[in-house]
Amino acid sequence: MKELTASQITAAVRELCIEANYRLPQDVADCLRCRREEEDRPVAREILGNILDNIAVAAEGEYPLCQDTGLACVFVRLGQEVHITGDFAAAVDEGVRQGYRDGYLRASAVADPLRRVNTGDNTPALLTVDLVPGDACEITVAPKGFGSENMGALRMLRPSDGAQGVKDFVLETVKKAGPNPCPPIVVGVGVGGSFDKVALCAKRALLRPLDQRHPDPFWAAMEQELLGEINALGIGPQGFGGRTTALAVAIETMPTHITALPVAVNINCHVTRHATRVL
């Protein structure tokens, strides 16, 4: 049995909030560089170059990657042989509170969706915990900006809609979003589960490294097909046209009911931020 204190959880979450908002994962930066080389439209190349310059400046640690430092989505894989002393959820929230304060990150959370009073410290975290075998606690912080989050969609398709129905819905959602989610985008797709679980699948898909495909060749082929069709829309970087509307499409699936085909699309901007620590 491993013992972890609430203060250890808080310290890790604090560091991750700052790291994720200042330093883009290497796979995302590498993909942006590759797409810049492939662009044949001058405006698109220039915009991708500006994005890469912004990444370099932010990595110096004085300015976050984006003014929208997002809601703090926190994903935890908690080993069943780990014992936490103290209030786990409160420790995560305290880490977010400290991270956003010490990193000079914008507080964007409102306590009530209609009365709109800012909580002042970007809490509470949007916490998802999975209990897994082992004695490790893996924490991932993925700040989610809402210029892209607001472009997401969920639909309960019929099983008879099949693969084409899934692809049509993804393309419809991206096309409707247009330039609003600050392309080039990363598209997370959830298929299966239930109304709530399919949305979580789509959000988790955004955590996958951009150079990794789905392990099932069927879904991997759909990812590549969708990526090609999305880029063929010609929306381009920041909506000014070009070959690069999306950097990647990631699909996550789970079993579902015999009468259902839930599909969710969660779009992320080119600032696909996340950072992980294992305690």
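Gln8 is partly exposed, with a relative accessible area of 37% (buried is under 20%, exposed over 50%, partly exposed in between; 1.4 Å probe, protein chains only). This is a predicted model, where local features need pLDDT of at least 70, side-chain atom pairs count only at pLDDT 80 or more, and totals for chains, interfaces and linings use all residues. Residues are numbered from 1 along each chain as its sequence is written, and side-chain values use heavy atoms, with hydrogens and water left out.

Gln8 sits in helix H1. Helices here are DSSP runs of H or I with at least four residues, strands are runs of E with at least two, and both are numbered from the N terminus. Leaving aside neighbours within four places in sequence, Gln8 is in contact (heavy atoms within 4.5 Å) with Glu3 and Leu279. A polar atom of the Gln8 side chain lies 2.9 Å from the backbone nitrogen of Thr5.

Now take H1 as a whole. Its buried residues include Ile9, Val13 and Leu16. The buried residues of H1 pack against several elements, among them strand S1 (2–5), helix H3 (42–59) and helix H4 (88–102).

H3 has another partner. Helix H2 (residues 26–38) packs with H3 at an angle of about 155°, with axes 9 Å apart. Axes are lines fitted to C-alpha atoms over the stretch in contact, and angles run from 0 to 180 degrees between N-to-C directions. H2 and H3 are therefore roughly antiparallel (angles over 145 degrees). On the H2 side, the contact includes Ala29 and Leu32; on the H3 side, it includes Leu48 and Ile55.

How values were computed
Polar contact = N/O pair within 3.5 Å; in protein donor to acceptor, adjacent residues only side chain to side chain. Parallel < 35°, antiparallel > 145°, perpendicular 65-115°, else oblique.
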